Amino acid sequence: MGKGFFISKAVLGTAIVLAVAAAATIIALAVVYAQEKAKNSGVQQPEHPAAGTKPPAPDSPGTKPPAPDSPGTVPPVEPWDRYRLPGDLVPDHYEVTLWPRLDEDPVKSYYFTGNSTVYFRCERKTKLILLHSHKLEVMEAELRVVGAGSPPVLALDKYWLQNETQFLVIELRHPLSPGTRYSLHTQFEGALADDLSGFYRSQYVNETGHTR
């Protein structure tokens, strides 16, 4: 029988385990060495988000500053651009008359006319009157001083509807005086809508089957 070199299975298994452990140790030492070297050289490693997370989108809420003209950032320049009435005038009494046209007009369809008188006191000097108004056509506007016998109509410069903020804007030729009481009378016209908004028309069927 020829001569040979034999290794037992136990010795071979032990040798393999030692080799794997040695390789793992070498790799770990190499990683530690690389990290220490990076620290010593002042190079900062980039950070990465944790698994399952992602950075917010550039225009997601909380990451993009509001536009300069968005609400709450830049105050409107003109009083009629704001949604709250100024405190220059304080109303204390209203008189309103509405006349709905319930028969359809061939031109205007369903509409109504009306007039209102609002009594108010001037708190601060101003040449501007603002009233809430939406989808109305103002036919006439008259301003008078209250409690002065038969006061003349005060001159208005111009008036218009500010649709975005739903204001009737009246500009005067001369400012109102603080402490004085005034009355503003307007005549207007509007559509009788059927969308349950504002002054609208509706119908029903009564117990006899007639539509009212």
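The following legends describe close-up views of a predicted model of one protein chain. Local features need pLDDT of at least 70 and side-chain atom pairs count only at pLDDT 80 or more, whereas totals for chains, interfaces and linings use all residues. Residues are numbered from 1 along each chain as its sequence is written, and side-chain values use heavy atoms, with hydrogens and water left out.

**View 1. Overall content of the protein chain.**
Of the 212 residues, 22% are buried; buried denotes under 20% relative accessible area, exposed over 50%, and partly exposed in between (1.4 Å probe, protein chains only). Among contacts between residues at least 6 apart in sequence, 66% join residues at least 24 apart, a contact being heavy atoms within 4.5 Å. The accessible surface comes to about 16,400 Å², and carbon and sulfur atoms account for 58% of this surface. Accessible areas come from the Shrake-Rupley method with a 1.4 Å probe; for residues, only the protein chains shown count as cover.

**View 2. The open sheet of E3, E6 and E5.**
Three strands make up an open sheet with the order E3-E6-E5 and antiparallel pairing; two strands pair if DSSP finds at least two bridges between them. Strand E3 (126-132) and strand E5 (156-162) are the edge strands, each pairing on one side only. From one strand to the next, the twist averages 20 degrees; axes are lines fitted to C-alpha atoms, for helices over the stretch in contact, and angles run from 0 to 180 degrees between N-to-C directions. Six bridges join E3 to strand E6 (residues 167-176) in the antiparallel sense, and Leu 130 stands opposite Val 169 in E6. Strand E6 is mostly covered, with seven of its 10 residues buried.

Glu 171 in E6 is the bridge partner of Lys 158. The side chains of Lys 158 and Glu 171 also meet in a salt bridge (3.8 Å, N to O), that is, a side-chain nitrogen of Lys or Arg within 4 Å of a carboxyl oxygen of Asp or Glu. This pair links distant parts of the chain, with Lys 158 in strand E5 and Glu 171 in strand E6, 13 residues apart. Lys 158 is partly exposed because its relative accessible area is 44%.

**View 3. The surroundings of Asp 88.**
Seven salt bridges are found in a search of the whole structure. One of them joins the side chains of Arg 124 and Asp 88 at 2.9 Å, N to O. The pair links distant parts of the chain: Arg 124 lies in the loop between strand E2 (109-122) and E3, and Asp 88 in the loop between helix H1 (9-40) and E1, 36 residues apart. Asp 88 counts as buried because its relative accessibility is 17%, whereas Arg 124 is partly exposed at a relative accessible area of 46%. Leaving aside neighbours within four places in sequence, Asp 88 is in contact with Arg 121, Cys 122, Glu 123, Arg 124 and Thr 126. Two of these contacting residues, Glu 123 and Arg 121, have side chains that meet in a salt bridge (2.6 Å, N to O). Glu 123 counts as partly exposed at 34% relative accessibility, and Arg 121 is likewise partly exposed at 34%.

Tyr 94, Val 96, Leu 98 and Phe 199 make a nonpolar surface patch of about 400 Å². Patches are made of residues with over 30% relative accessible area and no salt bridge; like charges are joined within 9 Å and nonpolar side chains (Val, Leu, Ile, Met, Phe, Trp, Tyr) within 5 Å. Leu 98 belongs to strand E1 (residues 89-105). Leu 98 counts as partly exposed because its relative accessibility is 42%.

Technical notes:
Helices (H or I, at least four residues) and strands (E, at least two) are DSSP runs, numbered from the N terminus.
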